[in-house]
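Q: I would like to learn how to read side-chain pairing and helix packing in a model. Please take one feature at a time.

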Amino acid sequence: MNILVTGAKGFVGKNLCAELKNIRDGKDKSFGNVEVDEILEFDIDTDPTLLDAYCRKAHFVFNLAGVNRPKEQSEFMTGNFDFAGTLLDTLKKYKNTCPVMISSSTQAALDNPYGLSKRAGEELMFHYSKETGAKVLAYRFPNLFGKWCRPNYNSAVATFCYNIAHDLPVTISNREHPLNLLYIDDLVAEMIHALQGQEHCEGNNCCVPTVYTTTLGQIVDLLHSFKESRKTLKVPNMSNAFSKKLYATYLSYLPEDLFSYPLKMNVDERGSFTEIIRTPDRGQFSVNISKPHITKGNHWHHTKNEKFVVVSGKGVIRFKKICDPDAEVIEYYVSGEKWRLWIYRQVISTMWRQVGYLLIYRQGRLSHQCHGHNQGH
């Protein structure tokens with residue numbers, strides 16, 4: 001299948017083309033049997049004569065070309081209506097009645113210059129469908145967010161992400177101002193479904209089912225919490241779909257010199273203990289490095305449990321049933337040569353023959369008593 005994407009260098013176009021290439025190259029098979037041959041990318045700086053060749057051999061058209069921040073209001077109609085007419089005329093020229101998707105906006109229901117131009121584009125498409133019998137999909141999108149969206153242009157989320165990631169101020173006049181938001185990956189997934197004939201439509205228009213309703217204040221608060229997570233080591237709430245997607249978006253705006261950040265290593269003569277991640281309800285992750293011939297532990301827990309993997313080194317872990325002073329001490333010799341996940345609650349000590357590197361998961365709050373100079377992990 002040859003797929004024509006107009007507006008290929010825009011926010012939606014870049015994400016859609018990237019996914020189409022993944023499907024074409026066999027890197028994404030999650031959509032099942034989708035055949036992608038040529039991806040015909042067309043944008044404002046493309047040689048106009050290529051539009052003829054593309055319209056002649058396209059099997060599906062995604063018309064994402066449009067204008068939303070022109071210098072003159074008259075450019076709304078030129079960019080959002082006139083090009084659509086040129087595209088459809090070219091398809092008719094070659095008697096190509098392949099399906100055509102048009103990117104519209106929820107503002108098409110409004111009578112402002114942008115909304116009027118979008119509505120005119122929809123009506124042009126519907127007329128074309130009646131005239132030629134071609135399938136037309138007019139999608140009305142709300143506010144979009146996600147990776148590769150241009151900040152300080154027409155997206156509040158992109159601007160907030162960029163400014164907070166770059167330590168720039170963020171100003172909002174009304175924290176309670178509501179926003180309906182559509183995530184770019186959800187939009188792209190819907191485009192692939194449309195390619196498969198599985199679009200979601202309501203009346204004359206199509207839509208993406210997953211839209212999030214939030215406020216400007218909630219967005220800014222979440223973004224600030226993401227920034228602070230480098231200090232608190234807390235992981236955002238990944239069970240909340242919007243928070244998860246906003247966090248992924250925020251990370252895409254980090255400057256290159258912030259792709260890493262330091263951790264606090266608690267170092268003494270026995271080695272070191274470094275906490276990596278904390279979660280509000282699922283415990284913490286840490287790295288423990290122990291020097292040779294060093295014994296750690298000598299404590300136990302009532303409720304808190306721990307799981308760990310020996311990544312490197314050799315040592316011995318000793319367990320004992322605490323309620324029985326005469327109980328046998330059980331020994332397990334561990335090694336990084338063969339990884340195993342160890343679970344314990346009443347370990348009494350660990351001793352290492354070589355430098356030991358452990359990745360540890362803890363359920364329960366860290367205890368200062370258990371991690372002091374004499375009894376730490």
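Q: Is Arg175 buried, partly exposed or exposed?
A: This is a predicted model, in which local features need pLDDT of at least 70, side-chain atom pairs count only at pLDDT 80 or more, and totals for chains, interfaces and linings use all residues. Residues are numbered from 1 along each chain as its sequence is written, and side-chain values use heavy atoms, with hydrogens and water left out. Arg175 has 39% relative accessibility and so counts as partly exposed (buried is under 20% relative accessible area, exposed over 50%, partly exposed in between; 1.4 Å probe, protein chains only).

Q: Which residue forms a salt bridge with Arg175?
A: Side chains of opposite charge can pair when their charged atoms come close. Here the partner is Asp221, with the closest N and O atoms 2.6 Å apart (the criterion is a side-chain nitrogen of Lys or Arg within 4 Å of a carboxyl oxygen of Asp or Glu). The two are 46 residues apart: Arg175 lies in the loop between α5 and β7, Asp221 in helix α7 (helices, H or I of at least four residues, and strands, E of at least two, are DSSP runs numbered from the N terminus). Asp221 is partly exposed at 40%.

Q: How many salt bridges does the structure hold?
A: It holds 19. One of them joins Lys314 and Glu337, at 3.6 Å between the closest N and O atoms.

Q: At what angle do the axes of α1 and α6 cross?
A: Two packed helices are described by the angle between their axes and the distance between the axes. The axes of α1 and α6 cross at roughly 55 degrees and come within 10 Å (axes are lines fitted to C-alpha atoms, for helices over the stretch in contact; angles run from 0 to 180 degrees between N-to-C directions).
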